Amino acid sequence: TPIPELGVETPQPEELRVELNPISGERPLTAITYRIFQERDLIRTFSIEPHKLLSYLFALEDSYQQVPYHNKLHGADVCQSMHVLLNSSGIKDVFNEFEILAAIFAAVVHDVHHSGLTNPFLIKTKNDLAILYNNESVLENHHVAVAFKLLQADERNIFSNLSAEQMETLRKRVVDMVLATDMAKHKTLLADFQNLLEAKKMSGNDYLTLESYDDRILVLKNLIHCADLSNMTKPLDTYSKWIDRLMVEFWKQGDAERDLGLDISPMCVRSPTTKDKHQIGFINSFVHPLWETWGSLVYPDANTILETLAQNREWHEASLAALTSSTTD
Ligand SMILES: COc1ccc(-c2ccn(CCC(=O)N3C[C@@H](C)O[C@H](C)C3)n2)cc1OC1CCCC1
Ligand SMILES: [Mg+2]
Ligand SMILES: [Zn+2]
């Protein structure tokens, strides 16, 4: 039976059309994710009941907090970036539909209920979440717990037609991917990824063959980490809007740290040069090495991304030079 245009039969198509219309901006996360599920035929493949998918996405979207950066727009952005990256020719036929379902789902839920504060802040202020998760990937544990809690209501359980075994594997993949978005895991994650690609290159076959769960999930963990760190690879006008949102969120944390008599985190200091300096530092230390490794896997698919990343870094270096020359003379 053909799926209705809006995904569900409804007596009020106009009202639903408004709700789902991404232009109207009310529900960007639901609109983008629903569209991706449709485009990838996930609704049919996994017999997902459309009204349950809408109910889940509405509840998920409403569970993202209204903070400047880590809000529902970031969730929608990482989901859309994941969708595009999964189409890279180098990995196009590597992952099966279960892994794709897990990757898209993990991306859209990965920062749900984010408080706009960092893990170090939650830990040093002995926040309930830091106590609950023993200081270990505190936010990331919370995000994935909230995502699965929302599934417990039957009218939101989009995976109700998966077998118990399929659900178990999906849950493991999603937990593994969301926990991998913690920056504290970056170095190990990237080192393991580089070792895997090195070993594959040695084996000589020109396309990626991944047998074990561990090898497959390692690539998916780096993939969601790339999607989470994709702001710097976007066109400058988009990228600079994300920076502005993030700085407002960090400066608010800096204010809270000062009010509490705590040391102000370096990224939370309000000053005209910190923005450029930190972006340059972050791109050089983390973002470029990660995207260069990803670029070697999907070569030449990521060339535009790598060029945009280099241009964005140069833009920061130019603005920093302009700033420091104006302040020194
Ligand atoms: C637009 O700028 C950024 C966009 C995204 C990130 C970034 C790094 C790691 N992630 C993954 C999630 C994570 O671990 N954290 C914890 C902390 C690093 O703050 C991040 C925001 C979230 N996301 C960093 C960005 O800039 C750097 C941070 C301030 C100046 C330079
Ligand atoms: Mg996060
Ligand atoms: Zn994120």
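Asn 134 is exposed, with a relative accessible area of 63%. Here, exposed means over 50% relative accessible area, buried means under 20%, and partly exposed is in between, using a 1.4 Å probe and protein chains only. You'll find Asn 134 in the loop between helix 8 (128–132) and helix 9 (138–151). Helices are DSSP runs (H or I, at least four residues), numbered from the N terminus. Asn 134 also has a phi near 50 degrees, a positive value in a residue other than glycine.

What about Ser 137? That residue sits in the loop between helix 8 and helix 9 too. Ser 137 is not a glycine either, yet its phi is positive, at about 40 degrees. Ser 137 is buried, though, with a relative accessible area of 5%.

## A word on the model

What you're looking at is a predicted model, where local features need pLDDT of at least 70, side-chain atom pairs count only at pLDDT 80 or more, and totals for chains, interfaces and linings use all residues. Residues are numbered from 1 along each chain as its sequence is written, chains are lettered from A and ligands numbered from 1 in the order in which they are written, and side-chain values use heavy atoms, with hydrogens and water left out.

## Around ligand 1

Which residues are closest to ligand 1? They are Met 183, Asp 228, Leu 229, Gln 279 and Phe 282, out of 15 residues that surround the ligand. To count as near, a residue needs a heavy atom within 4 Å of the molecule. Taken alone, ligand 1 exposes 590 Å², and the protein buries 91% of that. Those areas come from the Shrake-Rupley method with a 1.4 Å probe. Helix 13 (236–259) and helix 14 (272–297) are the elements that give two or more residues to the shell. By class, the shell has 9 nonpolar, 5 polar and 1 charged residues.

Now zoom in on some atoms. An oxygen atom of ligand 1 is 3.0 Å from a polar backbone atom of Met 183. An oxygen atom of the ligand is also 3.1 Å from an N or O atom in the side chain of Gln 279.

## Two buried side chains

His 70 lies in the loop between helix 4 (50–63) and helix 5 (72–85), and it is buried, with a relative accessible area of 14%. Which side chain does the side chain of His 70 make a polar contact with? The partner is Glu 249, at 2.6 Å. A polar contact is a pair of N or O atoms within 3.5 Å; within protein, one must be able to donate a hydrogen and the other to accept it, and residues adjacent in sequence count only if both atoms are side-chain atoms.

Thr 33 is in helix 2 (residues 28–39). Is Thr 33 buried or exposed? Buried: its relative accessible area is 1%. A polar atom of the Thr 33 side chain lies 2.7 Å from the backbone oxygen of Leu 29.

## A cis bond at Tyr 299

Finally, have a look at Tyr 299, in the loop between helix 14 and helix 15 (303–328). A cis peptide bond joins Tyr 299 to Pro 300, with omega about 0 degrees. Pro 300 is placed in the loop between helix 14 and helix 15 as well.

Tyr 299 is exposed, with a relative accessible area of 61%. Along the chain, Tyr 299 and Asn 284 are 15 residues apart, and their C-alpha atoms are separated by 20 Å.

Note on methods. Ala, Val, Leu, Ile, Met, Phe, Trp, Tyr, Cys and Pro count as nonpolar, Asp, Glu, Lys and Arg as charged, and the others, Gly among them, as polar.
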